[in-house]
Amino acid sequence: MKRSFVVVLIVVAAIGIAIGFYFSPDVRAGIEKIFRGDEPDLPDFAREDVDKEDFMLRRAQQLSMYRGIQEGVPFDPQDRIEAIAQMERQQEALQRTSAPMAAWTELGPNPIPNAQVGTGPATTASGRVVAIAVHPTNPDIVYVGTAQGGLYRSTNGGTSWTPLLDNALSLAIGAIAISPSQPETVYVGTGEANFSLDSFFGVGVYRLDNASSASPTITGPLNKDAGNADIFTGRAIGEILVHPTDPNIIFVASASGVGGIGGVANNVLPSRGIYRSVNATTANPTFAKLTGLSADVNASVRDIAFDPLNPNLLVANSIQSGGAGGIYVSTDALGATPTFTQRVVFNSTSTSELTGEFAVQHTVGQPNPTFYAAVGNASGGLYINTDGGTVWTLQNTTNFCSPQCFYDIAVAVDPTNASSVYIGGAPALVFGRSTNGGTTFTANGASFTSGLHVDSHAIAVAPSNPLIVYFGSDGGIYRTNDVSGATIAWTSLNNSTFRATQFMSLDVHPTDPNITIGGTQDNGTNRYTNAAAWTRTDFGDGGYSVIDQSSSNTTTFNQYHTYFNGSTLTGYAFSNSSTAFENWTFRGCTGATANGITCTSVINFYAPLERGPGTPNTIYYGADRLYRSADTGLNHTTVSQVFASPISAIGISDQDDNVRIIGQNNGGIFGTGTTPGTTTLQDRDPGNAIPNNYVGRAVIDPQNVNTAYVTLAAFGVTNVWKTTNLNVASPTWTAANTGLPAVPVNAFVVDPLETTRLYAGTDIGVYTSGNGGATWTPFGTGLPRVAVFDIAIAPGSPRQVRIATHGRGLWQTPVAPPTATNVSISGRVLTAEGRGLRNAVITITDQSGNARNVMTGPMGTYRFDDLATGATYVISVRSRRFSYEPRVVALTDELTGYDITPMGAGRGGPMNILQPTKPLGRKK
């Protein structure tokens with residue numbers, strides 16, 4: 001048994017989900033929507049009694065496990081950066097060969113056509129928008145940052161969008177700042193500073209020059225101090241401020257990007273706080289921390305703001321407990337060693353109560369600016385300051401962001417009128433407008449929020465036309481052209497060119513290559529139809545998805561998905577209709593045992609769901625025990641013991657429904673082993689060969705009941721393991737990761753038609769192996785550096801590898817060509833006189849950059865075994881006496897008698913040898 005696992009915790013107040021009775025679909029459709037609209041996170045029947053802060057916490061904990069973040073286990077964010085560098089080297093090596101690589105193609109949704117909204121009618125939606133910046137003189141030039149979909153730019157007011165940072169080392173965007181005096185210079189902060197573990201960490205700041213042009217110049221990541229230490233990687237950028245007249249001077253607010261407050265205490269991470277650069281437009285900017293803030297504490301700074309007419313006056317929100325958190329003010333921010341004074345104390349231990357966001361307005365001629373601070377303190381209120389930062393007055397306590405102010409909090413002010421202020425937060429107040437300096441707000445309802453997806457994150461007023469306001473939420477990006485109207489008309493800008501959907505899962509139909517379902521963060525479960533069109537098929541926060549493979553019917557087929565799961569919501573949804581829409585039937589516990597599923601407190605937020613063989617397919621569901629149903633979920637039997645650690649992954653043999661394997665949060669591996677069908681699962685790793693990390697996937701070879709794979713969601717460890725004797729008392733697990741970077745592997749599939757062909761979805765993209773996991777290479781081209789959370793093989797000609805990314809929707813590319821039997825290369829290394837050269841070092845390098853060395857024998861002989869036909873290799877020789885030119889070998893069969901002679905001494909070898917005439921790496 002493996003040691004216990006404690007998930008990363010955000011410091012929040014209360015933990016506990018209390019979910020009431022499950023209402024029928026008719027009640028949901030008929031009553032709830034009339035009065036409440038759609039709550040994107042929750043299925044309708046669970047809304048009334050769910051503790052939303054606990055909901056957000058549990059989702060965050062689950063996503064942290066997907067990303068390999070584990071309390072008590074050191075994690076160096078540089079592991080991800082090094083993994084990307086490794087992948088790039090491998091891709092470059094592949095490009096130097098003749099091996100074809102197909103491009104990935106986006107499937108969407110672009111956009112989701114029928115979004116969940118706070119107040120109808122439904123509009124289009126995409127993934128979470130975190131940051132917005134509008135050009136100072138052109139309201140139609142706007143930059144938008146997404147949770148893990150990268151940076152988008154529009155030059156036509158949102159009619160169309162262009163992604164700008166798809167090759168960045170992080171696609172999580174936390175802040176965007178346009179230089180007021182030089183608008184073609186734009187700074188972009190990576191890492192999302194919302195305090196959920198869905199908020200991926202970043203790598204620092206990118207600078208865009210000629211930002212609105214067709215080809216901006218991108219510099220970065222910028223993340224070094226004067227001593228060349230990396231001070232941003234692993235953190236999140238909550239705000240960037242650019243000096244009003246000097247684009248060289250910028251301030252950067254650094255916060256936790258992966259674990260929230262306290263969640264990364266054991267990690268190898270730089271100190272958080274406020275950093276300043278005075279040479280930001282140079283080729284190699286450097287940053288220095290402002291140590292005068294709270295005695296140079298290592299604490300998150302969520303937001304900062306300064307007086308646009310006097311940048312010496314700077315305010316900051318420091319996230320600290322014990323009375324140290326709150327609002328700090330500096331009046332010498334441009335000085336050599338700025339000092340800060342705490343002006344407002346947030347006396348709490350709850351992240352929601354400690355979080356704040358700022359807005360500022362200063363009219364020329366007025367002595368002081370007007371600062372607003374939207375805060376979680378007192379469950380959500382608004383402070384105002386008009387005397388240069390000294391006295392802050394609580395205008396009201398609207399509870400606008402309660403109970404998830406650590407996640408949903410936004411404020412903006414009219415740049416020409418300090419009395420006009422706007423706030424947004426949790427579903428209780430999606431968007432509010434005040435015309436009296438925040439004393440009172442008009443908010444929500446059909447007149448103000450019609451068509452907006454809830455969970456507000458960003459509000460941006462166009463500086464050159466304050467009637468134009470952009471709004472960002474978990475549903476994407478929106479705009480109004482008249483924020484002052486009695487009725488605010490919002491237009492969804494989520495269109496075919498804006499693609500940021502955060503998928504959790506997918507599954508495909510057995511015969512129709514188009515039919516696919518997949519769960520998404522905050523945007524329900526979505527379907528790609530047989531007409532190659534997208535639609536949302538169910539509400540809630542979508543989790544795992546399964547489509548029955550036993551029937552080819554494209555109109556009536558069994559399909560399943562999970563919502564979120566909790567102690568009194570344990571189960572999944574079922575429908576057999578290809579047109580199902582918010583009328584799925586729930587299978588399981590909604591406060592009391594149902595369908596054989598018991599309420600349990602030991603369960604993952606996204607509990608795993610898997611299919612087995614049979615007609616219909618058996619269905620397996622994992623909580624603190626493994627459930628099995630042979631009748632589409634109407635009845636379940638328990639087919640395992642009760643575990644202390646939740647089940648995180650399920651693998652069922654396609655050949656034998658009695659052969660099963662499960663993985664757990666704590667790294668435990670259990671299965672039927674020597675007794676197929678047993679309901680007391682056996683420890684499948686009693687020797688503890690596999691590291692104790694969250695198990696992302698457990699997969700049994702579809703043609704061999706004794707071969708299985710386990711993948712781990714962790715950085716810096718071996719993440720794919722294989723056994724070929726799953727049925728013995730103590731299976732032998734071997735690492736199957738050569739060529740695979742040490743990043744989380746959250747998706748894994750074995751090609752059922754060629755079981756030596758494997759595909760792994762990682763935190764940075766997709767890899768494939770054609771030899772059962774012995775070696776891996778990057779798969780496909782053109783995929784952004786985005787986390788892949790699920791993978792499947794879709795039918796058709798050609799068949800497609802289809803992936804679910806957590807930030808850029810679904811993608812696909814044709815399966816890899818079949819792998820032939822491995823062969824060998826052998827021959828002699830010769831001298832200029834034609835004699836064998838002994839003790840020469842000969843190296844063979846594959847397309848992934850993996851190299852093997854051998855030393856020649858007494859007669860100059862060498863041999864390399866276990867080489868793949870259809871692959872291309874580079875052979876090089878090192879010798880003190882002779883020079884040998886590297887040779888590129890395209891293998892088509894066993895290759896013997898391949899002799900290598902020095903340069904100028906003649907060539908050897910058969911005709912299929914490609915002999916370069918230029919140094920390796922250049923085109924011939």
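**Close-up views of a predicted model**

**View 1. The rings of Tyr-422 and Phe-431 form a stacked pair.** The structure holds 30 aromatic pairs. In the pair shown here, the ring centres of Tyr-422 and Phe-431 are 5.8 Å apart and the planes meet at 15°, so the two rings are stacked. Are these two residues buried or exposed? Tyr-422 has a relative accessibility of 4% and therefore counts as buried. Phe-431 comes to 0%, so Phe-431 is buried too.

**View 2. Phe-605 and Tyr-606 meet edge-to-face.** Here we return to the residue of the opening view. The ring centres of Phe-605 and Tyr-606 lie 4.8 Å apart, and their planes stand at 85°, which means that the pair is edge-to-face. A pair of aromatic rings is described by two values, the distance of the centres and the angle of the planes.

**View 3. Five residues are linked by ring pairs into a cluster.** Which residues belong to the cluster? They are Tyr-422, Phe-431, Phe-471, Tyr-478 and Trp-490. The stacked pair of Tyr-422 and Phe-431 is thus a part of this cluster.

**View 4. Thr-233 is a buried loop residue.** The loop that holds Thr-233 runs between strand S9 (217-222) and strand S10 (235-242). With a relative accessible area of 4%, Thr-233 counts as buried. What joins the side chain of Thr-233 to that of Asp-230? A polar contact of 2.5 Å does. Setting aside neighbours within four places in sequence, Thr-233 is in contact with Pro-77, Gln-78, Ile-81, Gly-202, Val-203, Asn-223, Leu-269 and Pro-270.

**View 5. The whole chain gives the close-ups their setting.** The chain has 924 residues, and 63% of them count as buried. Its secondary structure comes to five helices and 63 strands, with S9 and S10 from the Thr-233 view among the strands. Of the contacts with a separation of 6 or more, 56% are between residues 24 or more positions apart. The chain exposes about 29,800 Å², and carbon and sulfur atoms supply 50% of that area.

Conventions. Residues numbered from 1 in each chain as written. Predicted model: local features only at pLDDT ≥ 70, side-chain atom pairs only at ≥ 80, totals over all residues. Heavy atoms only, no water. Helix = DSSP H or I, 4+ residues; strand = E, 2+ residues; numbered from the N terminus. Buried < 20%, exposed > 50% of the residue type's maximum accessible area, 1.4 Å probe, protein only. Polar contact = N/O pair within 3.5 Å; in protein donor to acceptor, adjacent residues only side chain to side chain. Contact = heavy atoms within 4.5 Å. Areas by Shrake-Rupley, 256 points an atom, 1.4 Å probe, with all protein chains shown as cover. Phe/Tyr/Trp six-rings, centres within 6.5 Å; stacked < 30°, edge-to-face > 60°.
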